[in-house]
Amino acid sequence: MDTTAARPGDRRAIVAVGVQFWINGMVYGAIVPRLPDVRDRLGIGVGTLGTILTLAAVGGLIGSAMSGPLLARFGTRRCIVAGTVSTVALLPFVGVTTSPVVLVLVLAGLGIFDVTIDIGMNLQGSILSARRSTPIMNRLHGLWSLGTVIGGLIAVQATAAGVSLLAHLLAVSAGLGLTVAVTGRFLLADDQPAQATGEARAGADGSVPSQEAAASGVGRIRLLLLALGASAVAMEVTSSDWAAFRLADDLGAGPGVVGLGFVAFTSGMVVGRLSGDAVQARVGDRALLRGASSVATVGLILATVVPFGRLFGVDDAAPVALGATIAGFFVAALGVSVIFPQLYDAAAKAPGRPGSGLAALTAGIRVAGVAAPIIVGLVADNAGSVGVAVALVTVPAALVTLLLAPRATPPSRPAPPAVSR
């Protein structure tokens, strides 16, 4: 079967998958900029909040273990729709809890649903991308980032206007629930992945690798994907989750400014991802990953060096420090933006049992999701600077990605024959 041929309903499925990415981004963008509100309502410090986020991330590990059997039994479409409905129903509870324990349970529940949705929508995106003459994974992830920008801007405006967190999240939940009810039925019902061709399975000289060599190659790719999943999430999630605290705690930003670090980062993600497919088609997968990792490293250094402004004769509270930090988040996001789409696509097409590559990637993502928040929180408490803590997590992760990411991506192959868009 020619898996590169377009099928009836693909256009509507692409729109539906794109909307799903946007919904997930909106959920994330609705919560993160208002985490300082949650912290203040609970009366806790950043170290305790980091511990809460770490404990909540265990929900993602539970979801990773559950997602394979659920997707195999019910299919990606049912799991995506059911998981999204459950997520938007749970979202308002973030706005009412006054107990750290309850907050952990709510965030863990969101994490359980998120990982299944995440794998399902990326599998559908990779299947649809493989049927087209041009890639779409960067643009799909760009819609996720667009959702985070819109959700973040709404959150910033709601905070500035004095809208309660509960009222804000109830409105977001209602809107997203209605959206998934309309678009969910257009998602792919068939989860058949694109299969590698005989030519692709063979080596460059036309030989087919032995069973032992193939197994060794599969294991190596899975280890790379696990490590890269951890590094990529350390850059992306740590930067966005702690951006508001960077501006508020390190630089003394006020309520109308504190969310702009998050908005700058997510805006850079949108720009990078919406343009990433065109760049990928021009330079190839591996060159794109090398360039993106380099840009991310530079941006993260710029964003995290501001707390050390006194070393350069700059007052940390000066407007130039705020501007440099916000600009650094934007530049970092331009590089970070295309890394996850490439990794998800490579994982979906990885050799071995279908879905095993994505399982390895998401395992790395969830492990880092457990470790990174508590590291940042504890270091920030002890060093007195969120910037120091973010730098210690994100800059090494960027360097690891620069070294390893191209190795997990197969060489670029000629695009399949053009199909109707």
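Q: Which residues does Thr 304 touch, not counting residues up to four places away in sequence?
A: Happy to start here, with the note that this is a predicted model. Thr 304 lies in helix H10, which spans residues 285-305. Leaving out residues up to four places away in sequence, Thr 304 touches Arg 246, Gly 387, Val 390, Ala 391, Thr 394 and Val 395.

Q: Is Thr 304 buried or exposed?
A: The cut-off for buried is under 20% relative accessible area. Thr 304 has a relative accessibility of 5%, so Thr 304 counts as buried.

Q: How far apart in space are Arg 220 and Ala 408, C-alpha to C-alpha?
A: Arg 220 sits in helix H8, which covers residues 211-250. Arg 220 is partly exposed, because its relative accessible area is 45%. In sequence, Arg 220 and Ala 408 are 188 residues apart, yet in space their C-alpha to C-alpha distance is 8.7 Å.

Q: How are H1 and H6 oriented to each other?
A: Helix H1 (residues 10-31) and helix H6 (residues 165-183) pack with their axes 11 Å apart, at an angle of about 170°. Angles over 145 degrees count as roughly antiparallel. H1 and H6 are therefore roughly antiparallel.

Q: How many charged residues does the contact of H1 with H6 have?
A: On the H1 side, the contact includes Trp 22, Ile 23 and Met 26, and the H6 residues they belong with in this contact include Leu 169, Val 172 and Leu 176. By class, the contact of H1 with H6 has eleven nonpolar residues, four polar ones and, for charged residues, none: no charged residues.

Q: How are H4 and H12 oriented to each other?
A: Helix H4 (residues 100-130) packs with helix H12 (residues 339-348) at an angle of about 80°, their axes being 10 Å apart. Asp 118, Asn 122, Leu 123 and Ser 126 of H4 make the contact with Tyr 344, Asp 345 and Ala 348 of H12. By class, these residues divide into three nonpolar, two polar and two charged. Since angles from 65 to 115 degrees count as roughly perpendicular, H4 and H12 are therefore roughly perpendicular.

Q: Which residues touch the most other members of the largest nonpolar core?
A: In soluble globular proteins, nonpolar side chains tend to be buried together. Here, the largest nonpolar core has 98 residues. Leu 107, for one, touches Ile 52, Leu 53, Ala 56 and Val 94, residues up to four places away in sequence not being counted. The residues touching the most other members are Val 94, Leu 107, Leu 225, Met 235 and Trp 242.

Q: How many helices does the protein chain have?
A: Buried residues make up 52% of the 421 residues in the protein chain. Of the contacts with a separation of 6 or more, 86% join residues 24 or more positions apart. The secondary structure comes to zero strands and 14 helices.

Notes
Residues are numbered from 1 along each chain as its sequence is written. This is a predicted model: local features need pLDDT of at least 70, side-chain atom pairs count only at pLDDT 80 or more; totals for chains, interfaces and linings use all residues. Side-chain values use heavy atoms; hydrogens and water are left out. Axes are lines fitted to C-alpha atoms, for helices over the stretch in contact, and angles run from 0 to 180 degrees between N-to-C directions. Helices (H or I, at least four residues) and strands (E, at least two) are DSSP runs, numbered from the N terminus. Angles under 35 degrees count as roughly parallel, over 145 as roughly antiparallel, 65 to 115 as roughly perpendicular and the rest as oblique. Contact means heavy atoms within 4.5 Å. Ala, Val, Leu, Ile, Met, Phe, Trp, Tyr, Cys and Pro count as nonpolar, Asp, Glu, Lys and Arg as charged, and the others, Gly among them, as polar. A nonpolar core is a set of buried Ala, Val, Leu, Ile, Met, Phe, Trp, Tyr and Cys residues joined through side-chain atoms within 4.5 Å. Buried means under 20% relative accessible area, exposed over 50%, partly exposed in between (1.4 Å probe, protein chains only).
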